[in-house]
Amino acid sequence: MMDVVIGAGLAGLSAAVHLAAAGRAVTVVESRRRPGGCCGTAELGPHRFDTGPSVLTMPGVLAEVFGAAGEELDRWLPLRRLDPAYRLEFHDGSRLDVVADDAAMIEQVRLLCGPAEADRYRRFRDLLGRMFAAEWPAFIDADMTTLGAMAKPYALLRLASMGGFRRLDRLVAAHLTDERLIRAHTFQSLYAGLSPRRALGVYAVISYMDTVGGVYFPSSGGMHAVPVALAAVAEKCGASFRYGTRATRVQADSGGVTAVCLDTGERLPARNVVVACDLPAAHAGLLPEAAADWRLRRARHSPSCVVVHLGLDRPLPGRTHHTLHFGRRWEAGFAALEAGWPQPDPSIMVTHAAPDTLTALEPVPNLHGHGWERVERRLLDRLARLGYGDLSEAPRLIWDPRRWQAEGHSAGTPFALDHRFTQTGWFRPSGVARRIPGLHFAGMHTAPGVGVPPVLVSGRLAARRILAAGR
């Protein structure tokens with residue numbers, strides 16, 4: 001008997017490393033030909049692109065996964081801190097570089113916004129740090145499979161006293177007055193699938209991770225090097241991988257999980273299963289009916305994005321790794337996304353991770369919305385106006401809602417369920433099937449949610465539950 005992990009994305013790999021390192025017999029079943037899941041890669045002629053996240057924060061979470069196997073992160077996956085983490089370019093022509101050093105960052109704000117705002121910003125950074133310290137151990141790095149996990153009065157009171165349960169835009173505006181600086185610390189709510197006026201203030205911790213904790217990048221191999229290294233460590237610990245193989249059914253009886261059926265016709269006997277793939281799709285046929293979770297009955301998905309990956313014949317001088325170009329019509333943009341339409345004046349993220357590649361991302365509605373089909377042409381025109389040149393003839397790959405759906409993402413969004421209060425913590429789909437012992441879940445559909453650190457945590461939490469149960 002073995003533990004089977006379905007999906008070799010970051011969550012599944014985290015679970016596999018922790019289980020294998022503890023001496024368990026582990027098999028990872030992955031439908032693709034290589035590890036990565038959302039953290040994928042694609043080639044177009046000589047150009048290689050990361051097709052998933054380009055932002056890596058909280059490297060200590062990643063180091064913990066390697067540490068569980070007795071390995072050093074730097075040996076397997078050397079990282080460098082991006083400095084600046086972002087360049088923020090505003091509609092009025094001004095810009096702000098988010099730099100690594102605290103004093104240098106405060107000076108950047110002083111030069112852009114004046115000394116009074118710089119002093120307010122210094123105090124705001126301190127607030128972000130205190131919110132993070134209260135939130136991380138109590139609600140992010142914590143197992144939320146029981147309702148009691150949410151009942152942490154001291155942590156809740158601390159967060160409430162700091163404004164964590166106000167709306168994010170109001171929280172930030174209570175501490176900062178320059179509209180550009182407010183935007184710089186609220187756009188991250190889109191990572192949680194919500195506009196700043198709908199996201200809770202607790203999601204200011206995403207801004208902390210980016211602007212204070214820092215953004216990192218593998219020294220070689222791009223972001224796809226992360227799952228490659230994790231898979232290698234899992235194999236060193238004894239885990240086996242079945243690439244190019246799809247799990248078709250999880251079988252269970254009155255005692256719990258019994259096996260996983262594969263599209264090859266094989267049946268893998270299993271005592272525990274970690275489902276680390278798209279959860280709504282898994283409930284549509286992979287899982288027994290007894291695994292149904294009421295939290296998915298009225299699931300609300302995040303907006304999606306159109307991503308244009310472009311091959312370049314030369315590097316772009318003066319461009320940083322990440323540049324966020326803010327649109328002028330800030331509120332109208334979020335209102336349009338909420339109504340299911342593209343932003344009228346979008347904010348876009350441009351990544352220049354290698355001399356021969358450029359990636360542009362624009363948030364758009366998911367497949368339940370409209371109009372995203374027309375975004376590609378507009379996005380290329382926008383890049384030309386922003387000074388990137390005419391890229392209309394450059395070789396390119398397009399990831400849009402239809403492509404995201406083909407890659408296995410429900411509703412055509414790579415950002416899973418949004419993080420409204422009723423889809424946060426215990427209210428998010430559970431990490432365990434109560435009526436089927438041995439069946440666990442990990443990934444961005446479960447708590448703690450979307451993002452590289454949270455999905456790594458979810459995999460560790462699944463492994464911890466299995467080890468504690470002793471099945």
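Over the ring of which residue does the charged end of R403 sit? The ring is that of W399, with the charged end 3.8 Å from its centre. A charge sits over a ring here if NZ of Lys or CZ of Arg is within 6 Å of the ring centre and within 35 degrees of the ring normal.

The model is a predicted one, where local features need pLDDT of at least 70 and side-chain atom pairs count only at pLDDT 80 or more, while totals for chains, interfaces and linings use all residues. Residues are numbered from 1 along each chain as its sequence is written, and side-chain values use heavy atoms, with hydrogens and water left out.

On to the rings. Rings of Phe, Tyr and Trp (its six-membered ring) pair if their centres lie within 6.5 Å, with planes under 30 degrees apart called stacked, over 60 edge-to-face and the rest tilted. That rule gives twelve aromatic pairs. One of them joins F187 and Y191, which is edge-to-face because the planes stand at 80 degrees, with the centres 6.2 Å apart. F187 is buried at 9% relative accessible area, whereas Y191, at 28%, is partly exposed (buried is under 20%, exposed over 50%, partly exposed in between, with a 1.4 Å probe and protein chains only). W426 and F427 also make an edge-to-face pair, at 5.3 Å centre to centre and 75 degrees between planes. Here W426 is buried at 17% and F427 partly exposed at 24%.

Ring pairs also link F187 and Y191 into a cluster with Y86, F90, F326, W330 and F334.
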